[in-house]
Amino acid sequence: MLRKYKYIAVVLLALMASGIGRAQEQTQANTTSNAAACPQRKATVEAAFDAIAAKYSSDIVGMCVGAIGLNGEYAATKCYGETLTGSGIRPTDHTLFWTGSVTKTMTATLLALRVNQGSVQLNGRVDDYLSSAYHIPRITLLQLADMESGLQRNPPDPYQTPADQTQLYTDLQACVGDSTCWKGINRYSYSNFGYGVLGNVLADHDGPEKWSLDNFYNVMAPLGMFDTKTSEDYDSADFLLRRAYGHIRSSAGDWTASRTTNQSFGVAPAGGLWSTSTDMLIWLGNATGVLQGNPGVDAALAMTMECRGPWGKNSTCSSVQDCGSCTGLAWTEDTDPCTVGIRISKSGAVPGFRSWIGFVKGPGRGTGRGVFVLLNSDAIKGTTIGEKLLDMIP
């Protein structure tokens, strides 16, 4: 335990050295170079946070946002609203939000890490990593990661919520034998099912640990992200104390708190992680290159953002300019309308929660600007708030 907190202290010192802190501690940023192309830019990051919170105040219960500026000029977080409607308790940097499909960027990073280490092949068939009891025609790890596997969105019968790997792989075998479930490879189909298979195959390959622990020990912890786990992996008392409650809005506009806290074991790699503002700022910092938390993980994370062609076309084009928009491994790449630069992003949605993380690439690693959004309500997409916030930050 002492070693863990010493490591956290080292990470926090690195963050402070990079300028990362509370929004209230920021100084006015130079926005001259952005004023013409992006007139909505605010003079300070706190002004941008407050403007986005005011704009969407009627659509949120609680929200934490974070941002990193051009060349790492600043980094900050701020929280608004309530962890549970009517409670009067404002979320903090240590409040746990369910991140949903942002989890996929972390599962993809685990894949890229193993590819870079040479222990798995990106184009290796799923068959190569399963027992002889399963015969899965032609689907590769890459196709699972870039949504080209042809698997449907969620697991089918007989186990629509697979509780373990055996049930998940039984679903997989049933799906590839059913033309209504599996449409064949090299066609886009956004698939939580596919990411569930990918994460569990990696965990099987790495050893007896379940995916969430495989991911935590090899991706999250090396970056100092000790608060990014599935709900089952937290101390239960700590989780209950710090969690935000998801909220679902009725057609009449009333909020109902959701008690759901997890996805089934089999599809947790697709959207099962909870996180905090502090950890998401670390993830954003490493994604943009402002932070270099661990050489192996950072190289893997960069690999997940390589353009691999437009969604669903199995193209060989290798840039946003050629493709219009690109898929990486979990990430989407397109053109930022404000700067006309390359924007890399990922959204997430689970019952009562929405999230988004995205940044605009600069001319080199560590030179972009980016944001994240964590919401404990479902009335508006995290993408909507995130993209607007990205346009506003200095």
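Biologist: How many residues does helix H6 have, and how far does the helix reach?

Modeller: This is a predicted model. In it, H6 covers residues 165-176, which is 12 residues. From first C-alpha to last, H6 reaches 16 Å, close to the 16 Å expected at 1.5 Å a residue.

Biologist: What caps the N-terminal end of H6?

Modeller: Asp164 does. One of its side-chain oxygens lies 3.2 Å from the backbone nitrogen of Thr166.

Biologist: And which residues of H6 are buried?

Modeller: Gln165, Gln167, Leu168, Tyr169, Asp171, Leu172, Cys175 and Val176.

Biologist: What do those buried residues pack against?

Modeller: Helix H7, residues 192-206.

Biologist: Switching to strands. How do E6 and E7 run, parallel or antiparallel?

Modeller: Antiparallel. His247, for one, has Ala257 in E7 as its bridge partner.

Biologist: How many residues sit between E6 and E7?

Modeller: There are 5, and the two strands form a hairpin. In the turn, Gly253 has a positive phi of about 95°.

Biologist: Now the open sheet of 3 strands. What's the order?

Modeller: E4-E8-E5, with antiparallel pairing. E4 (97-98) and E5 (229-230) are the edge strands, each pairing on one side only.

Biologist: How many bridges join E4 to E8?

Modeller: 2 bridges. E8 covers residues 273-275 and runs antiparallel to E4.

Biologist: Which residue in E8 is the bridge partner of Phe97?

Modeller: Ser275.

Note on methods
Residues are numbered from 1 along each chain as its sequence is written. This is a predicted model: local features need pLDDT of at least 70, side-chain atom pairs count only at pLDDT 80 or more; totals for chains, interfaces and linings use all residues. Side-chain values use heavy atoms; hydrogens and water are left out. Two strands pair if DSSP finds at least two bridges between them. Helices (H or I, at least four residues) and strands (E, at least two) are DSSP runs, numbered from the N terminus. The expected span of a helix is 1.5 Å times one less than its number of residues. Buried means under 20% relative accessible area, exposed over 50%, partly exposed in between (1.4 Å probe, protein chains only). Contact means heavy atoms within 4.5 Å. A polar contact is a pair of N or O atoms within 3.5 Å; within protein, one must be able to donate a hydrogen and the other to accept it, and residues adjacent in sequence count only if both atoms are side-chain atoms.
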